[in-house]
Amino acid sequence: MADTHPISWITVIWSMTASACLTLAGVYFIIGLKQRERPAYFLFSLLALTMAAFAGFEYAMMRADSTRVFEELLYWIHIPVFTGTLAVIGFIQAHFRTGRAWLAYAACGVRGLADALNFLSSPNLNYAEITALRHIVLPGGETIAAAEGVRGPWVAIDDLALLLTVAYLADAVVSLWRRGGYDNRRRAALVGSGILCFILIAAGSAILIHAGILHIPYLISLPFLLVLLAMSYELSSDVLQAARLARQLEVSEAELRESQERMRLAAGAADLGLWLWDIAKDEIWTMEQGRALYGIPKDERIDFARFMKTLHADDREAVSESIAKALQNSGDYEGEYRICLPGVGTRWLAARGRVEFDGSGKPLRMRGVSIDITRRKLAEQEVQKQRHELAHLSRVTMLGELSGSLAHELNQPLTAILANAQAARRFLDHEPVDIGEVREILGDIVEEDKRAGEVIRRLHLLFRKGELQYGPVNVNALVEDVLKLVRSDLVNQGIAVVTTLAPALPMVSGDRVQLQQVLLNLVVNACDAMACLDRTEREIRIGTETAAANGIRLTVADRGRGIPAEDLERVFEPFVTTKSQGLGLGLSVCRTIVSAHGGTIRAANNPGRGARLSLILPPLPERADVPA
């Protein structure tokens, strides 16, 4: 469009800051609604919202064209300062439960006093009079405004409130560190580093501005964004930790109930495989039921190598490591593994044992018991398909990791809307007004607004919780939607995406949100697999095609390190992961979702390097009642 000017970098930076804060506020407000017993989420949402408002005030003051406007803005900025102080102190108290209470009350009380004095002062607390605006030229030719004037008589109260708040935060971090433990010290270091940067940049500059030593704009929102991001990371970690603990508790309770039932049945029927391993002689004795469980003939000698030979190839290494650990120090052994019997197939066994040591600590023998748990394992696999709660929690965790990408996606249309609105205002100032040009600008604003609304709609859908909603799904459109969602992350990581989408593919029947979750998980895993590569080598290939029986095949391939051969069959099992920080639930949830849709998912390594994961979904029946 004619006569438009490029958006200044000051506008971009402060718009991005406000957008990031608003996005974090929205995300954690939604999480807070679902976990009302945790007030820290609402306090963090309030803090992020306050910082967005503060960023707006800072930007407006830098753009002020008169001392009167600057005075008004500085007068009203004390409201977000007050709410921000209450929110950050409340968050530390609610989330970390640390810091001296008297410092918290003192910081809040003095901040309240400063704000009261501000509304009783003219023009504001900080200045008795603003005599002029100093225009500062920044690199790139940008000009911003900073105040010059007479220091207010009560401005020291404002400085004292700021120092008390910083002192409280520092005391809380030190107290958290002194509690000891890896998690507490990691949290203290993370939040403490953000607070230190804030103190050096924001608090220091504010005090020097009030003292009349520096004549620069206020810079509070940008450095405080570091503290905000540190707190956001901690909340995301807590969401993940809560999910892990909930899952561990659920598994522990299920195992306890199953163990009690198993022992009751074993005591009644004596259908247990008791065994004794003489470690010195490398000879294993077991009763008849034990030989039947492992498929070993009655007269055959059993040693450790013969026992390991009965196990499934994928389970041998884990069993060997667990037994070695028991022999070295713990003395207790517990494991679950598969055995392959000719004519019977795969059977799951659970084994528990205890090592006996001599006086010098040398292992002598191990006593234990084995029992068939195949039925339990099969029942768990069936129940797993119905657990939508885990899939929902997985989406919430993943969205916490993608919060930066979502903020960037919202920032782009918001920046475009701002640019078009400014251009429209300039057109309206010209005579005669070019109605056609203004109409075109308004059309662009509408389109960018729809774009921002679509990002929020996709975010809301992924947060949705409930039963499966089956309907016709276009797989190619599904790919495009997911790539839009992670576009910023792909750009930031320097990952190129090559899509090969077959035209005129038939529809599939499924829940669009859950299928998006599967593809999103595969794309994120592909990105993680290439994190150690040079940016020029990072590439993801996504393709769709027609498979056998008119099924739809969707493939995601990367150029990373690939999947170890021994993990190709186990990678979809719960708690099996190739990531150092992974929980091993993502691909398990993917398989559960794909199976519920009547499809299959497979993992394989590429001929050159990298891995590919392919899922096949059945086509939408031409004449069938699709469940809603």
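**Helix packing and aromatic pairs**

Reply: H4 and H6 cross with left-handed geometry. The model is predicted. Two packed helices are described by the angle between their axes and the distance between the axes. Here H4 covers residues 78–96 and H6 covers residues 155–178. Their axes lie 11 Å apart, at an angle of about 15 degrees. Angles under 35 degrees count as roughly parallel, so H4 is roughly parallel to H6.

Now the side chains. H4 brings His78, Thr85, Val88, Ile89, Ile92, Gln93 and Phe96 to the contact. H6 answers with Asp158, Thr165, Tyr168, Leu169, Ala172 and Leu176. By class, that gives 8 nonpolar, 4 polar and 1 charged residues.

H16 (residues 475–485) and H18 (residues 512–529) have axes that come within 10 Å. They cross at roughly 60 degrees, which makes H16 oblique to H18. This crossing is right-handed, whereas that of H4 and H6 is left-handed. From H16, the contact takes Ala477, Leu478, Val479, Asp481, Val482 and Leu485. From H18 come Arg512, Leu515, Gln516, Leu519 and Leu520. The class count is 8 nonpolar, 1 polar and 2 charged residues. Asp481 and Arg512 are the charged pair of names in that list.

Next, the rings. The whole structure holds 8 aromatic pairs. One of them is Tyr75 with Phe119. Their ring centres are 5.0 Å apart and their planes stand at 90 degrees, so the pair is edge-to-face. Tyr75 sits in H3 (residues 67–76) and Phe119 in H5 (residues 101–120), so the pair ties together parts 44 residues apart in sequence. Tyr75 is buried, at 16% relative accessible area. Phe119 counts as partly exposed, at 33%.

Phe307 and Tyr337 make another pair. Their centres are 6.0 Å apart and their planes are at 80 degrees, so this pair is edge-to-face too. Phe307 belongs to helix H10 (residues 304–309) and Tyr337 to strand S5 (residues 332–341), so the link spans 30 residues in sequence. Both Phe307 and Tyr337 are buried. They also belong to one aromatic cluster, with Trp277, Tyr294 and Phe304.

How values were computed. Residues are numbered from 1 along each chain as its sequence is written. This is a predicted model: local features need pLDDT of at least 70, side-chain atom pairs count only at pLDDT 80 or more; totals for chains, interfaces and linings use all residues. Side-chain values use heavy atoms; hydrogens and water are left out. Axes are lines fitted to C-alpha atoms, for helices over the stretch in contact, and angles run from 0 to 180 degrees between N-to-C directions. Helices (H or I, at least four residues) and strands (E, at least two) are DSSP runs, numbered from the N terminus. Angles under 35 degrees count as roughly parallel, over 145 as roughly antiparallel, 65 to 115 as roughly perpendicular and the rest as oblique. A crossing is left-handed if the near helix is turned anticlockwise from the far one by less than a right angle, and right-handed if clockwise. Contact means heavy atoms within 4.5 Å. Rings of Phe, Tyr and Trp (its six-membered ring) pair if their centres lie within 6.5 Å; planes under 30 degrees apart count as stacked, over 60 as edge-to-face and the rest as tilted. Buried means under 20% relative accessible area, exposed over 50%, partly exposed in between (1.4 Å probe, protein chains only).
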